[in-house]
Amino acid sequence: MRFDVITLFPDMFSAIKDEGVVARGIKKSLLSIHTWQLRDFSDNKYRNVDDKPYGGGAGMVMQVKPIRSCIEKIKQKVPNTQVVYLSPQGRKLTHQLATELSKFESLTLLCGRYEGVDERIIEHDVDMEVSIGDYVISGGELAAMVLIDSVSRQIPAVLGNQDSLNDSFANGLLDYPHYTRPEVIDNQQVPEVLLSGHQANIDQWRAQQVLKNTQLKRQDLASK
Ligand code: 4FD
(Lines give C-alpha, C1' and ligand atoms only; values in the text may rest on other atoms or scores of the structure.)
Protein backbone atom coordinates (compact mmCIF):
# COMPACT_ATOMS: atom_id res chain seq x y z
CA MET A 1 0.00 0.00 0.00
CA ARG A 2 1.18 3.46 -0.91
CA PHE A 3 0.65 6.70 1.06
CA ASP A 4 1.29 10.10 -0.52
CA VAL A 5 1.22 12.92 2.02
CA ILE A 6 0.75 16.59 1.15
CA THR A 7 2.18 18.70 3.97
CA LEU A 8 4.09 21.82 4.97
CA PHE A 9 6.08 19.68 7.44
CA PRO A 10 7.37 16.55 5.66
CA ASP A 11 10.06 15.97 8.33
CA MET A 12 7.39 15.17 10.91
CA PHE A 13 6.77 11.87 9.11
CA SER A 14 10.17 10.50 10.19
CA ALA A 15 8.30 9.68 13.42
CA ILE A 16 6.61 6.74 11.65
CA LYS A 17 9.01 6.17 8.73
CA ASP A 18 12.02 5.43 10.94
CA GLU A 19 10.59 3.43 13.83
CA GLY A 20 7.97 0.79 14.61
CA VAL A 21 5.34 -1.16 12.70
CA VAL A 22 5.11 1.22 9.74
CA ALA A 23 8.91 1.33 9.36
CA ARG A 24 9.03 -2.48 9.27
CA GLY A 25 6.26 -2.49 6.63
CA ILE A 26 8.36 -0.12 4.53
CA LYS A 27 11.48 -2.31 4.91
CA LYS A 28 9.46 -5.32 3.78
CA SER A 29 8.23 -3.30 0.75
CA LEU A 30 4.62 -3.75 1.88
CA LEU A 31 4.22 0.00 2.45
CA SER A 32 5.64 3.21 1.06
CA ILE A 33 5.22 6.78 2.32
CA HIS A 34 5.95 9.65 -0.08
CA THR A 35 5.83 13.18 1.30
CA TRP A 36 5.16 16.23 -0.87
CA GLN A 37 6.21 19.70 0.30
CA LEU A 38 3.22 21.86 -0.58
CA ARG A 39 5.45 24.96 -0.84
CA ASP A 40 7.11 23.39 -3.89
CA PHE A 41 3.77 23.98 -5.65
CA SER A 42 3.46 27.64 -4.69
CA ASP A 43 3.36 30.10 -7.60
CA ASN A 44 5.23 32.95 -5.91
CA LYS A 45 8.83 33.55 -4.93
CA TYR A 46 7.98 33.64 -1.21
CA ARG A 47 6.55 30.12 -1.49
CA ASN A 48 3.28 31.19 0.17
CA VAL A 49 0.43 28.70 0.09
CA ASP A 50 -2.15 30.55 2.23
CA ASP A 51 -4.06 33.83 2.26
CA LYS A 52 -6.62 35.80 4.29
CA PRO A 53 -10.19 34.48 4.48
CA TYR A 54 -12.89 36.12 2.34
CA GLY A 55 -15.47 37.58 4.71
CA GLY A 56 -12.78 38.45 7.23
CA GLY A 57 -12.03 36.82 10.54
CA ALA A 58 -9.03 35.27 12.20
CA GLY A 59 -6.40 33.01 10.68
CA MET A 60 -5.37 32.03 7.19
CA VAL A 61 -6.78 29.66 4.60
CA MET A 62 -4.78 27.30 2.38
CA GLN A 63 -5.20 28.23 -1.29
CA VAL A 64 -6.61 26.06 -4.05
CA LYS A 65 -3.83 26.35 -6.64
CA PRO A 66 -0.85 24.72 -4.87
CA ILE A 67 -2.98 21.90 -3.44
CA ARG A 68 -4.68 21.19 -6.78
CA SER A 69 -1.33 21.19 -8.65
CA CYS A 70 0.16 18.83 -6.09
CA ILE A 71 -2.78 16.40 -6.29
CA GLU A 72 -2.55 16.47 -10.11
CA LYS A 73 1.14 15.62 -9.91
CA ILE A 74 0.45 12.70 -7.56
CA LYS A 75 -2.36 11.44 -9.82
CA GLN A 76 0.07 11.31 -12.76
CA LYS A 77 1.96 8.67 -10.78
CA VAL A 78 -0.98 7.02 -8.97
CA PRO A 79 -4.15 7.61 -11.01
CA ASN A 80 -6.36 5.50 -8.73
CA THR A 81 -5.41 7.16 -5.46
CA GLN A 82 -8.14 7.97 -2.91
CA VAL A 83 -7.72 11.54 -1.64
CA VAL A 84 -8.34 11.89 2.10
CA TYR A 85 -8.48 15.24 3.93
CA LEU A 86 -7.81 15.11 7.68
CA SER A 87 -10.12 17.54 9.45
CA PRO A 88 -12.35 17.84 12.53
CA GLN A 89 -15.34 17.80 10.13
CA GLY A 90 -14.55 14.33 8.79
CA ARG A 91 -15.99 10.86 9.28
CA LYS A 92 -14.72 9.54 12.60
CA LEU A 93 -11.76 7.15 12.28
CA THR A 94 -12.70 3.81 13.85
CA HIS A 95 -11.37 0.27 13.61
CA GLN A 96 -14.01 -0.33 10.93
CA LEU A 97 -12.94 2.68 8.83
CA ALA A 98 -9.25 1.77 9.20
CA THR A 99 -10.05 -1.69 7.84
CA GLU A 100 -12.03 -0.20 4.92
CA LEU A 101 -9.19 2.19 4.05
CA SER A 102 -6.66 -0.66 4.14
CA LYS A 103 -8.33 -2.13 1.02
CA PHE A 104 -7.18 0.82 -1.12
CA GLU A 105 -3.96 0.40 -3.04
CA SER A 106 -3.14 4.08 -2.58
CA LEU A 107 -4.20 6.91 -0.26
CA THR A 108 -3.26 10.56 -0.68
CA LEU A 109 -3.44 12.37 2.65
CA LEU A 110 -3.95 16.13 2.64
CA CYS A 111 -2.72 17.81 5.85
CA GLY A 112 -4.18 21.21 6.63
CA ARG A 113 -2.69 23.95 8.79
CA TYR A 114 -4.16 27.28 9.92
CA GLU A 115 -7.96 27.28 9.47
CA GLY A 116 -7.79 24.51 6.86
CA VAL A 117 -8.14 24.52 3.08
CA ASP A 118 -10.36 26.54 0.73
CA GLU A 119 -13.75 24.76 0.61
CA ARG A 120 -13.46 24.34 -3.18
CA ILE A 121 -10.72 21.74 -2.59
CA ILE A 122 -13.13 19.69 -0.49
CA GLU A 123 -15.87 19.99 -3.13
CA HIS A 124 -13.76 19.16 -6.15
CA ASP A 125 -10.58 17.30 -5.14
CA VAL A 126 -11.22 15.38 -1.92
CA ASP A 127 -12.84 11.92 -1.93
CA MET A 128 -13.23 11.51 1.83
CA GLU A 129 -12.88 13.75 4.89
CA VAL A 130 -11.65 11.87 7.98
CA SER A 131 -11.35 12.97 11.61
CA ILE A 132 -9.33 11.19 14.30
CA GLY A 133 -11.66 12.47 17.02
CA ASP A 134 -13.64 15.40 18.33
CA TYR A 135 -10.82 17.80 19.17
CA VAL A 136 -8.64 20.25 17.28
CA ILE A 137 -4.88 19.89 16.82
CA SER A 138 -2.49 22.33 15.17
CA GLY A 139 -2.22 20.53 11.87
CA GLY A 140 -3.36 17.49 9.94
CA GLU A 141 0.06 15.82 10.14
CA LEU A 142 -0.41 14.05 13.49
CA ALA A 143 -3.87 12.96 12.34
CA ALA A 144 -2.39 11.60 9.08
CA MET A 145 0.21 9.62 11.06
CA VAL A 146 -2.50 8.15 13.28
CA LEU A 147 -4.39 7.12 10.14
CA ILE A 148 -1.31 5.61 8.47
CA ASP A 149 -0.45 3.59 11.58
CA SER A 150 -3.99 2.29 12.18
CA VAL A 151 -4.56 1.46 8.49
CA SER A 152 -1.15 -0.23 8.08
CA ARG A 153 -1.86 -2.50 11.07
CA GLN A 154 -4.87 -3.87 9.18
CA ILE A 155 -2.64 -5.25 6.42
CA PRO A 156 -1.92 -8.77 7.75
CA ALA A 157 1.64 -9.06 6.42
CA VAL A 158 2.62 -5.74 8.00
CA LEU A 159 2.07 -6.95 11.56
CA GLY A 160 3.72 -10.29 10.78
CA ASN A 161 3.20 -12.87 13.51
CA GLN A 162 1.62 -10.33 15.84
CA ASP A 163 -2.09 -10.34 15.37
CA SER A 164 -4.32 -7.34 14.72
CA LEU A 165 -7.31 -9.72 14.75
CA ASN A 166 -6.94 -9.82 18.53
CA ASP A 167 -6.57 -6.07 18.89
CA SER A 168 -8.87 -4.18 21.15
CA PHE A 169 -11.89 -3.08 18.99
CA ALA A 170 -11.45 -5.86 16.39
CA ASN A 171 -14.47 -7.45 18.08
CA GLY A 172 -16.06 -4.11 19.02
CA LEU A 173 -15.02 -4.58 22.66
CA LEU A 174 -12.08 -3.64 24.88
CA ASP A 175 -9.08 -5.87 25.51
CA TYR A 176 -8.50 -8.19 28.49
CA PRO A 177 -5.73 -7.35 31.02
CA HIS A 178 -2.16 -8.45 30.33
CA TYR A 179 0.56 -9.60 32.75
CA THR A 180 4.20 -10.59 32.47
CA ARG A 181 7.00 -11.60 34.86
CA PRO A 182 7.39 -11.43 37.78
CA GLU A 183 4.45 -13.29 39.36
CA VAL A 184 4.47 -10.95 42.37
CA ILE A 185 5.66 -7.37 42.64
CA ASP A 186 5.02 -5.02 45.57
CA ASN A 187 2.35 -7.47 46.82
CA GLN A 188 0.52 -7.42 43.48
CA GLN A 189 -0.22 -10.97 42.25
CA VAL A 190 -0.79 -12.19 38.71
CA PRO A 191 -4.28 -13.83 38.59
CA GLU A 192 -3.84 -17.55 39.45
CA VAL A 193 -5.72 -18.79 36.39
CA LEU A 194 -3.04 -17.34 34.08
CA LEU A 195 -0.41 -19.52 35.82
CA SER A 196 -2.56 -22.66 35.74
CA GLY A 197 -1.65 -23.82 32.26
CA HIS A 198 -5.33 -24.67 31.69
CA GLN A 199 -5.95 -22.91 28.36
CA ALA A 200 -9.75 -23.35 28.31
CA ASN A 201 -10.01 -21.73 31.74
CA ILE A 202 -7.67 -18.93 30.66
CA ASP A 203 -9.74 -18.25 27.54
CA GLN A 204 -12.92 -18.22 29.62
CA TRP A 205 -11.40 -15.81 32.17
CA ARG A 206 -10.22 -13.47 29.41
CA ALA A 207 -13.67 -13.48 27.78
CA GLN A 208 -15.21 -12.52 31.13
CA GLN A 209 -12.65 -9.74 31.61
CA VAL A 210 -13.41 -8.34 28.13
CA LEU A 211 -17.09 -7.99 29.03
CA LYS A 212 -16.41 -6.66 32.52
CA ASN A 213 -13.83 -4.15 31.26
CA THR A 214 -16.08 -2.89 28.48
CA GLN A 215 -19.07 -2.56 30.81
CA LEU A 216 -16.93 -0.72 33.38
CA LYS A 217 -14.91 1.62 31.12
CA ARG A 218 -16.95 1.98 27.92
CA GLN A 219 -20.66 1.60 28.45
CA ASP A 220 -21.23 3.10 25.00
CA LEU A 221 -19.53 0.04 23.45
CA ALA A 222 -21.03 -2.49 25.87
CA SER A 223 -24.63 -1.52 25.10
CA LYS A 224 -24.27 -2.22 21.37
N1 4FD B 1 -9.87 15.77 14.57
C2 4FD B 1 -8.22 16.95 13.25
C3 4FD B 1 -7.60 17.12 12.02
C4 4FD B 1 -6.88 18.27 11.76
C5 4FD B 1 -6.79 19.24 12.76
C6 4FD B 1 -7.01 21.43 10.61
C7 4FD B 1 -9.32 22.24 9.32
C8 4FD B 1 -7.82 22.38 11.19
C9 4FD B 1 -8.07 17.94 14.20
C10 4FD B 1 -8.51 21.26 8.76
C11 4FD B 1 -8.98 22.80 10.54
C12 4FD B 1 -7.35 20.85 9.40
C13 4FD B 1 -9.02 15.74 13.56
C14 4FD B 1 -5.77 20.98 11.32
N15 4FD B 1 -7.38 19.03 13.96
N16 4FD B 1 -6.12 20.42 12.61
O17 4FD B 1 -8.88 14.75 12.85
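These legends walk through several close-up views of a predicted model.

In this model, local features need pLDDT of at least 70 and side-chain atom pairs count only at pLDDT 80 or more, while totals for chains, interfaces and linings use all residues. Residues are numbered from 1 along each chain as its sequence is written, and side-chain values use heavy atoms, with hydrogens and water left out.

**View 1. The two domains.**
Let's start with the overall layout. The protein is assigned domain 1 (2-152) and domain 2 (168-222), with bounds that come from an automatic or database domain assignment. Between the C-alpha centres of domain 1 and domain 2 there are 37 Å.

**View 2. Strand β6 and its cover.**
Helices (H or I, at least four residues) and strands (E, at least two) are DSSP runs, numbered from the N terminus. Why is strand β6 (residues 106-111) described as largely enclosed by the rest of the structure? The reason is that 6 of its 6 residues are buried; buried means under 20% relative accessible area, exposed over 50%, and partly exposed in between (1.4 Å probe, protein chains only). You can check both faces of β6: Ser-106, Thr-108 and Leu-110 are buried on one side, and Leu-107, Leu-109 and Cys-111 are buried on the other.

**View 3. The neighbours of β6.**
Two strands pair if DSSP finds at least two bridges between them. Strand β1 (residues 2-7) runs parallel to β6 and pairs with it over 5 bridges; here Ile-6 has Leu-110 as its bridge partner. Strand β5 (residues 82-92) also pairs with β6 in the parallel sense, over 5 bridges. Look for Tyr-85, whose bridge partner in β6 is Leu-110. To get from β5 to β6, the chain passes through helix α4 (residues 95-101), and this β-α-β crossover is right-handed: with the strands pointing away from the viewer, the path from the first strand over the helix to the second runs clockwise. Gln-82 has its bridge partner in β6 too, namely Leu-107.

**View 4. From β5 to β7.**
Strand β5 pairs in the parallel sense with strand β7 (residues 128-131) over 5 bridges. In this pairing, Lys-92 stands opposite Ser-131 of β7.

**View 5. A threonine in β6.**
Thr-108 is part of strand β6 and counts as buried, at 1% relative accessibility. Its side chain makes a polar contact of 2.9 Å with the side chain of Thr-81. A polar contact is a pair of N or O atoms within 3.5 Å; within protein, one must be able to donate a hydrogen and the other to accept it, and residues adjacent in sequence count only if both atoms are side-chain atoms.

How many residues surround the ligand? There are 15, and the closest are Tyr-85, Ile-132, Gly-133, Tyr-135 and Ile-137; a residue is near a molecule or strand if one of its heavy atoms lies within 4 Å of it. For Ser-131, an N or O atom in the side chain is 3.2 Å from a nitrogen atom of the ligand. A polar backbone atom of Tyr-135 is 3.1 Å from a ligand nitrogen, and a backbone N or O atom of Ile-137 lies 2.8 Å from a nitrogen atom of the ligand. On its own the ligand has 410 Å² of accessible area, and the protein covers 95% of this (Shrake-Rupley method with a 1.4 Å probe; for residues, only the protein chains shown count as cover).

**View 6. Glu-141 in helix α6.**
Glu-141 belongs to helix α6 (residues 140-152) and is buried, with a relative accessible area of 0%. Arg-113 is 28 residues from Glu-141 in sequence, and their C-alpha atoms are 8.7 Å apart in space.

Most residues other than glycine have a negative phi, and most peptide bonds are trans. The peptide bond that joins Arg-181 and Pro-182 is cis, with omega at about 5°; Pro-182 sits in the loop between α7 (156-159) and β8 (184-185). Arg-47 has a positive phi, near 65°, and is found in the loop between β2 (32-37) and β3 (50-51). At 37% relative accessibility, Arg-47 counts as partly exposed. Asn-187 also has a positive phi, of about 70°, and its place is the loop between β8 and β9 (188-189). Is Asn-187 buried or exposed? At 76% relative accessibility, Asn-187 counts as exposed.
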